[in-house]
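Let's walk through this structure together, one piece at a time. Have the sequence and the 3D view ready as you read.

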Amino acid sequence: YQRRVHGVQFLLELGIHPTRLAKMLTSDPAILGCSITTNLMPTIEFYRQTGVSEQLLIHTLSTTPRLFQLSIEDNLIPKLKLLQHIEHSIDPHNKASGVHSYLRYFEWSPERILHRLCCFTAATRLPSLRSILHPTDAEFTHRYTAYLCHGTPAHQHTLLVAAGLADHPTFSKIAA
């Protein structure tokens, strides 16, 4: 009980509007089971250090609280590295975007991210990372039908090796 009370106080102090907080807790009450010191604060600090503005941080926490329950080491960092590697591959002259560009994709499974990215291994020119990841699955399938046969496990492994993530526990079971 005490943890939940402190959790509500913490979220209000962070700047989440009480009405938004009520909706947030209705959709994902598990956020109150998270430890403030070992789960929420380190994840919030991770997002801050990677360039997420306070406004976007509050909005994301209130709309997608699951993103604040993910492991930094096992989930957020490897996915960020993979997405930045892909973005840099698409446009080497563009510095990789900050985490704010990828927030919604951190919730995705590693398999889903890799499937989308590996569909383009045979393409001579890659679409933008956003246009690969943003569409719904149905839109993606419709838009990129010609590419869907190219995402083999070998392509996934090659992509993970290039990103330096083939041995990371989050991706190693996929690359095997």
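**How the helices meet**

Helix H1 passes helix H2 in a right-handed crossing (a crossing is right-handed if the near helix is turned clockwise from the far one by less than a right angle, and left-handed if anticlockwise). Before going further, please keep in mind that this is a predicted model, in which local features need pLDDT of at least 70, side-chain atom pairs count only at pLDDT 80 or more, and totals for chains, interfaces and linings use all residues. Residues are numbered from 1 along each chain as its sequence is written, and side-chain values use heavy atoms, with hydrogens and water left out.

Back to our pair: H2 covers residues 18–27, and it packs against H1 at an angle of about 135 degrees, with the two axes 10 Å apart. Axes here are lines fitted to C-alpha atoms, for helices over the stretch in contact, and angles run from 0 to 180 degrees between N-to-C directions. H1 and H2 are therefore oblique to each other; angles under 35 degrees count as roughly parallel, over 145 as roughly antiparallel, 65 to 115 as roughly perpendicular and the rest as oblique. Which residues make the contact? From H1 come Val8, Leu11 and Leu12, and from H2 come Pro18, Leu21, Met24 and Leu25 (contact means heavy atoms within 4.5 Å). By class, the contact of H1 with H2 has 7 nonpolar residues, no polar and no charged ones. In this sorting, Ala, Val, Leu, Ile, Met, Phe, Trp, Tyr, Cys and Pro count as nonpolar, Asp, Glu, Lys and Arg as charged, and the others, Gly among them, as polar.

H1 (residues 2–14) also meets H3 (residues 36–49): their axes come within 12 Å and cross at roughly 20 degrees. H1 and H3 are therefore roughly parallel to each other, and their crossing is right-handed. On the H1 side the contact uses His6, Gly7, Phe10 and Leu14, while H3 brings Ile36, Leu40, Met41, Ile44 and Arg48. The residues of this contact divide into 6 nonpolar, 2 polar and 1 charged.

Now look at H4, residues 54–63, where Leu57, Ile58, Thr60, Leu61 and Ser62 are buried. Buried means under 20% relative accessible area, exposed over 50%, and partly exposed in between (1.4 Å probe, protein chains only). What covers the buried residues of H4? The cover includes H1, H2 and H3.

Two single residues are worth a visit. Asn75 sits in helix H5 (residues 72–90) and counts as buried, at 15% relative accessibility. Its side chain is joined to that of Lys79 by a polar contact of 2.9 Å. A polar contact is a pair of N or O atoms within 3.5 Å; within protein, one must be able to donate a hydrogen and the other to accept it, and residues adjacent in sequence count only if both atoms are side-chain atoms. Leaving aside neighbours within four places in sequence, Asn75 touches Leu70, Phe106 and Thr170.

Leu159 lies in helix H9 (residues 153–162) and is buried too, at 13% relative accessibility. Beyond its neighbours within four places in sequence, Leu159 contacts Leu82, His85, Ile86, Leu114, Leu117 and Cys118. Leu159 and Leu117 are 42 residues apart in sequence, yet 8.7 Å apart in space, C-alpha to C-alpha.

Finally, step back to the whole chain, which has 10 helices and 0 strands. Helices (H or I, at least four residues) and strands (E, at least two) are DSSP runs, numbered from the N terminus. Of the 176 residues, 42% count as buried.
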